[in-house]
Amino acid sequence: MLEADGIGRDYRVDGQVLTAIDSLTFQVAEGELVCIVGPSGCGKTTLLRMCAGLLTPTRGRAAVDGRTVDGPPADTAVVFQEYGRSLFPWMRVGANVDLPLRRLGLTRAERRERVAEALALVDLAGRERAWPWQLSGGQQQRVAIARAVAFRPRLLLMDEPFAAVDAQTRAELEDLIRDLWQRLGVTVVFITHDIDESVYLGQRVLVLSSSPTRMRAEIHIDLGEERDQLGTRSSPEFAKLRGAVWKEIQAAKRKPDE
Amino acid sequence: MRLLRGALLLLGLPTVLFGLWWIASADSTSFYFPPLQKILAEFAETWTAERWRADVLPSLARLGAGYAASCVLGITLGLLIGRTRWLLHLTEPVLEFARAVPPPVLVPVIMLVAGIGDTMKTAVIVSGCIWPILLNTIAGVRSADAVQLDTAAAFGLGRTRTLTSVVLPAASPRIVTGMRQSLAIGLILMVISEMFAAQSGLGFAIVQFQRSYAIPAMWSGILLLGCLGVALAALFNLFDRAVLHWYHRMRERSA
Amino acid sequence: MSHKTNRDPAGPRPGDADTPHPSPAGPTAPRPGDPRARLHPRRPRPRLRPTPGRTPPLPVPLVLGAAGVALALAAGQLLPHTPLVNPAYTPTTGAVLNALAADLARGEFWQALADTLTAWALGLAIAVAAGAALGILIGSLPPVRAAANSTIEFLRPIPSVALVPLAVLLFGTRLPSTLLLVVYAAFWQVLVQVLAGVRDIDPVAADTARSLRLNPWQRLRHLAWPTALPYLMTGVRLAATVALVLAITAELVIGSPGLGHEIAVAQSSGATERMYALILVAGGLGVLVNLGVRAVERGALRWHPSVRSEAPA
């Protein structure tokens, strides 16, 4: 579904070239939930923006469904970390969720139905008339997720979406993502700096090195399909996997040119 | 009780000041500062329906036309220049210079080119009103939130829809600020354009009174001008509340 | 979440070759060279690995800007030769610059310039002093502020040109005429900003001041003044521009000595090139005043830790 082939990105700052991402190669199969973690500053967001077609790679390519990404790919939705700045404050919640649907050639009734459906999926049924800034942080991020879901994407890219949210809300939202993923069968690429979160959510965890960034490790999470915050997180398998990811990250921080 | 308190706050000081002016000038024999009573009496005599039709309304019509043209031109050009980086860099020094020229100074120039009719007066208004709108639109477009723009791009919204649904609303607070400044400037230019070679208009009338030493009439004209300014500002506030209600409520929340 | 600042949150995307346009947010924005201005606030900076042998990129905005000015001057030179523009009404750039050079050599020009600048500076000083004093006074006493609100909102929109006939009657065509208009217009800019500044006092700081039992003078010095200062500087910047415009306008309309009067004279005597030259000078003066006041503003606020935005006009 999503393929990165030697993708890399340089920036030019003050006349010097700095390499954010050296070269990354990985595949994400259709219907998978893959988490990407790495030390601070390793270019996770840059990677996501290249996959979302918001940034052109300096080297290599990303491909969605076999087609090289050179602009926002069709059937792809993005959820950003800064929900407060991603939702449009001049539109009500319903209009925000509806906006990306306008170019899909649906009738107004169909759009309204999708919006209602999406909001119900994120536990915000009936809140179409609310303004985004009237909602709490967690609710706003739910609206952003609803907006992505209403779009019925085949690929969902999420850039540290729960980093700006408090811990309790984060737990609820994590479960929401897993639930939506299982129900809708969408491919999810989830970027996070939170190691526990990556292990809890993902079927695979890709660990990035620090800058200049390369793939450091790939860890398969075999915690099963049914996971819950209490049981899964206190299981010995979880601890083992978490430890494995942790070790990779620590090693990545110590050896910058690995 | 609250209503009474509100009314008291609103009208209290103005009434006191008005009363002071009345009393202080009641026995005035000064030529230049006649009693307020006299000015108010002159008001009804001077500003007859005839004069409204011949002077005041045409002036306001020209102001309306010039202001509307400035808004349309300013916002359209501002959107274009703000979104196109190279165009912005190209035009910026010239625009900064042009806006620094005091608008009234261009009146003689415009008079040369456009004569002394309605076209000239409207052109004068546009020449001054366009700058705050244009420059504020550019600034508003430039400061559109990057995450909002990313969201629009990520969902493939397209140039037109991004412009109308994202960039324009995001810039609207600044645009409205510019429109407010332009309104004040427009009123000034409306009067100035008529103080030069003109045969009619509100500014013309006031200058006529001053030249023919009809002092109470002159003062009544100044009062009328003041009232017009206040009325336009109040109307604009209604517009502001309507267009930016989301913005004001959002700021109230986080205040 | 405070929405007080309107710092440009975007900054340029890394990968843009050119430096960003300085944010119009005034004293608040990070300076263009500041690396903190470049990346998104939450994204940590990737580690630097310089590639040797690269030359610094060309400052594109500067080049384009200069090209824009050159284009405008060229158009001004060429258009009057076309049937589009009548050279009698719109002389060529060359002719205008010639007239400007001729004017610079004459004493009257410099006298007029001095007259305008005197009226501007004097009027600005009076307006700032009165506006700041009244602003702090009214702003610090909530009941007075509430009562004065309607009066201020009523007087503020009155166009200063309404006072032209009065000025002429009272002071004729001398400096005080100009001053009347300049002070009236500039005063409101300062007052409104200072009022907003005083209202912006951090409630926690106010509570601290009260619990420390500071007397009114101390509260003014340590609480009201530092909070209002950035707003005051914004007010001074706006007032400076308005004061210049009104000074030249007053001279134009009333005939008091100064650049504006020279422009009127040039127009009525048919010296079109000179008129344009003086208009250019007026514009240049405006740009200089704007730059100068911004420099003063930056200097005065260099020590100020917090960041303020303009109160809505």
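This is a predicted model: local features need pLDDT of at least 70, side-chain atom pairs count only at pLDDT 80 or more; totals for chains, interfaces and linings use all residues.
What share of the contacts in chain B with a separation of 6 or more comes from residues 24 or more positions apart? The share is 75%.

Chain B has 255 residues, and 44% of them are buried. Its make-up is simple to state: 11 helices and 0 strands. Read along the sequence, the pattern is α-α-α-α-α-α-α-α-α-α-α. The C-alpha atoms of chain B fill a box of roughly 75 × 60 × 30 Å, taken along the principal axes.

Next comes the contact between chain B and chain C. Chain B gives 55 residues to it, and chain C gives 55 residues. Several helices of chain B supply two or more residues each to the side that touches chain C, among them H1 (2–26), H6 (118–142), H8 (159–195) and H10 (215–243). Helix H4 (85–100) is also one of these. The largest share of that side comes from H4(B), with 12 residues. What classes of residue make up the side of chain B that touches chain C? They divide into 39 nonpolar, 10 polar and 6 charged.

The pattern along the sequence is α-α-α-α-α-α-α-α-α-α. Chain C has 313 residues, of which 38% count as buried. Among its contacts with a separation of 6 or more, 71% join residues 24 or more positions apart.

Two packed helices are described by the angle between their axes and the distance between the axes. Helix H3 (residues 107–140) of chain C and helix H6 (residues 175–199) of chain C pack at an angle of about 35°. Their axes are 6 Å apart. The crossing of H3(C) and H6(C) is right-handed. The residues of this contact divide into 23 nonpolar, 6 polar and 1 charged.

Now look at the nonpolar core. The largest one has 209 residues. Which residues have the most contacts inside it? They are A:Cys51, A:Ala146, C:Val182, C:Ala186, C:Val190, C:Ala239 and C:Ala243. Helix H8 (residues 216–254) of chain C gives the most to this core, with 21 residues. The core also draws at least three residues from each of domain 1 and domain 2 of chain A.

C:Val245 lies in helix H8 of chain C. Is C:Val245 buried or exposed? It is buried, because 29 other C-beta atoms lie within 10 Å, and a residue needs 20 or more to count as buried. C:Val245 and C:Val182 are 63 residues apart in sequence. In space, their C-alpha atoms are 8.4 Å apart.

Chain A is next. Its domain assignment gives domain 1 (2–75 + 153–254) and domain 2 (87–152). The C-alpha centres of the two domains lie 25 Å apart. Where they meet, 10 residues of domain 1 of chain A are in contact with 9 residues of domain 2 of chain A. Helix H6 (residues 167–184) of chain A gives the most to the domain 1 side, with 5 residues. By class, that side has 9 nonpolar, 1 polar and no charged residues.

What does A:Ala146 touch, leaving aside its neighbours within four places in sequence? Its contacts are A:Val97, A:Ala118, A:Leu119, A:Leu121, A:Val122 and A:Leu124.

Two arginines close the tour. A:Arg152 has a positive phi of about 50° although it is not a glycine. A:Arg152 sits in the loop between helix H5 (137–150) and strand E7 (155–159) of chain A. With 15 C-beta neighbours inside 10 Å, A:Arg152 counts as partly exposed.

C:Arg213 also has a positive phi, near 55°, in a residue other than glycine. This arginine is found in the loop between helix H7 (203–211) and H8 of chain C. Why does C:Arg213 count as exposed? The reason is its 7 C-beta neighbours inside 10 Å, since 12 or fewer make a residue exposed.

How values were computed
Residues are numbered from 1 along each chain as its sequence is written. Chains are lettered from A and ligands numbered from 1 in the order in which they are written. Two residues are in contact if their C-beta atoms, placed from the backbone, lie within 7 Å. Helices (H or I, at least four residues) and strands (E, at least two) are DSSP runs, numbered from the N terminus. Ala, Val, Leu, Ile, Met, Phe, Trp, Tyr, Cys and Pro count as nonpolar, Asp, Glu, Lys and Arg as charged, and the others, Gly among them, as polar. Domain bounds come from an automatic or database domain assignment. Axes are lines fitted to C-alpha atoms, for helices over the stretch in contact, and angles run from 0 to 180 degrees between N-to-C directions. A crossing is left-handed if the near helix is turned anticlockwise from the far one by less than a right angle, and right-handed if clockwise. A nonpolar core is a set of buried Ala, Val, Leu, Ile, Met, Phe, Trp, Tyr and Cys residues joined through C-beta atoms within 7 Å.
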